[in-house]
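Keep the sequence and the 3D view side by side while reading.

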Amino acid sequence: MRISVLSGKGGTGKTFISVNLAYAANDGLYIDCDVEEPNGRIFLKPELQLVEKVKVMLPTVDMDKCSGCKTCVHFCKYNALAYVKNKLLIFPELCHACGGCVMLCSNGALAETRRAIGIVEYGQSGKIKTRTGVLNTGEATGIPVIKHLLTDIPNEGLVVIDCPPGSSCAVMESIKDSDYCILVAEPTLFGVHNLSMVYKLVKLFDKPHGVIINKAIEGETVVEDYCRENEIPILMTIPYELEIGLLNSQGMLVGQKDKYFSIFNKVLQKIKKEV
Amino acid sequence: MKIAIPSEGTTLESIVNQSFGRTHYFIVVDSDTLQFKVIDNQAASAQGGAGIKAAQAVVDSGAEIVITFHCGQNAADVLKAAGIKIMKAVTGSVFEVVQKYKNGELMELMEIHPGYHNHGGV
């Protein structure tokens, strides 16, 4: 069973929920797809077993064959190419590795090389296997790293996918093969707005889903109201508590405390029934 | 001498635009005859790499000098590869800035910023 954990904004508690669900299951695979800020490893402290480089295509030019037609420059929607004084300039950090420039060059002046944009770390944390994607700073897109993270996933057992924040392409890539999506939300108007964005996304992808309200404060019912109006199941409410905040800020798994372990375990059982 | 200046409008009286890559227009003006042409900056709405695309348009216009308030690293790389000199703009109209350049009142642009989107896209 693959569960994706997503939210409309950063800092809502995706990683908090993800690592504790993985801990409650005490088995399976945790995948950190938040490749710009992979924080799951702070909590799970995996023993590193293998590191793989993630490489993407980058064009290289043979100026002897280049006619200066600028077809490639005009084609590149990311503006990664410029042609100046009989020389083609290539800006690797703007290149999205689509390969279109190489395909369109009628003179065969462009060829494909490979360059690394990040890594995937494979590790083990107790019985939990971990994968962490790390995108190099300044890169245009983390999607190739996410694709690499999500290849060869075992069909058996629990897989928790800790998504990037928001509802962009990187999130779509992370949830597309999931069996269930957990939407994490904060009980504020801003939180409701962000929840509505990811809610639309999982509806679009037709994924079974439920909401976890994190940092819940008594009397603040805006998220509950939104969920009731849209008939979205609420899986769990986690109170805004000093103890949770302290444990979390020290990189501890709150699930190690019995009272929290049981809530995360209940959520897993609820989801298992639905999928 | 052909000078390219980012501009908010399409005449010599237009105000110099604060941005290079995302300016609305470039005025490419001959400093001797004051004849000019207007480039509609296609890069203004680009998702990323606006500086590169705008600089390519400026290079293609045949300009030898750019007068601008700001310029990012990528745009500067393109302009420098073309041998274009980058001067620091002062507040005013395109016409006034050209006059100031002719009077030797402008300095070369020294601070090239690393780009507003250090990822360059998305």
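Ile3(A) stands opposite Val160(A) in strand 8 of chain A. Strands and helices here are DSSP runs, with strands (E) of at least two residues and helices (H or I) of at least four, numbered from the N terminus. This is a predicted model, in which local features need pLDDT of at least 70 and side-chain atom pairs count only at pLDDT 80 or more, while totals for chains, interfaces and linings use all residues. Residues are numbered from 1 along each chain as its sequence is written, chains are lettered from A and ligands numbered from 1 in the order in which they are written, and side-chain values use heavy atoms, without hydrogens and water.

Strand 1 of chain A and strand 8 of chain A run parallel, paired over 4 bridges; two strands count as paired if DSSP finds at least two bridges between them. Strand 1 of chain A also pairs in the parallel sense with strand 9 (residues 180-185) of chain A, over 4 bridges, and there Ile3(A) stands opposite Tyr180(A). In strand 1 (residues 2-6) of chain A, 5 of 5 residues are buried, where buried means under 20% relative accessible area, exposed over 50% and partly exposed in between (1.4 Å probe, protein chains only). Both faces of strand 1 of chain A are covered, with Arg2(A), Ser4(A) and Leu6(A) on one side and Ile3(A) and Val5(A) on the other.

The interface comes next. In total, 19 residues of chain B are in contact with 16 residues of chain A, contact meaning heavy atoms within 4.5 Å. The two chains bury about 1300 Å² between them, 59% of it on carbon and sulfur atoms; buried area is the accessible area (1.4 Å probe) that two parts lose on being put together, summed over both. Across this interface the rule finds 1 salt bridge, that is, a side-chain nitrogen of Lys or Arg within 4 Å of a carboxyl oxygen of Asp or Glu. Asp60(B) and Lys70(A) form a salt bridge, their closest N and O atoms being 2.8 Å apart. On the side of chain B that touches chain A, helix 1 and helix 2 of chain B are the elements that give two or more residues, and helix 1 of chain B gives the most, with 6 residues.

Helix 2 (residues 73-81) of chain B has Ala75(B), Ala76(B), Val78(B) and Leu79(B) as its buried residues. They lie on the same side of helix 2 of chain B because they cover an arc of only 160° around the axis, the arc being that of the directions from the helix axis to the C-beta atoms. An α-helix has 3.6 residues a turn, so residues three or four places apart point the same way. The cover over these buried residues includes strand 4 (81-84) and strand 5 (87-90) of chain A, together with helix 1 (50-60), strand 4 (65-68) and strand 5 of chain B. After helix 2 of chain B comes Gly83(B), with a positive phi near 75°.

Which residue's backbone oxygen does the side chain of Arg115(A) reach? The side chain of Arg115(A) reaches that of Pro92(A), at 3.0 Å. Arg115(A) is in strand 6 (residues 110-125) of chain A and is buried, at 15% relative accessibility. Its C-alpha atom is 5.1 Å from that of Lys55(A), 60 residues apart along the chain. Leaving out residues up to four places away in sequence, Arg115(A) touches several others, including Val54(A), Leu58(A), Cys95(A) and Glu139(A).

Now the charged pairs. Over all chains, a search finds 10 salt bridges. Glu243(A) takes part in two contacts of this kind: with Lys257(A) at 3.4 Å, N to O, and with Lys259(A), where the closest N and O atoms are 3.0 Å apart. Glu243(A) lies in helix 9 of chain A and Lys259(A) in helix 10 of chain A, so this pair ties together parts 16 residues apart in sequence. Glu243(A) is partly exposed at 27%, as is Lys259(A) at 49%. In chain B, Glu111(B) and Lys88(B) meet in a salt bridge (3.9 Å, N to O). This pair links the segment after helix 3 of chain B with strand 5 of chain B, 23 residues apart.

Methods:
A polar contact is a pair of N or O atoms within 3.5 Å; within protein, one must be able to donate a hydrogen and the other to accept it, and residues adjacent in sequence count only if both atoms are side-chain atoms.
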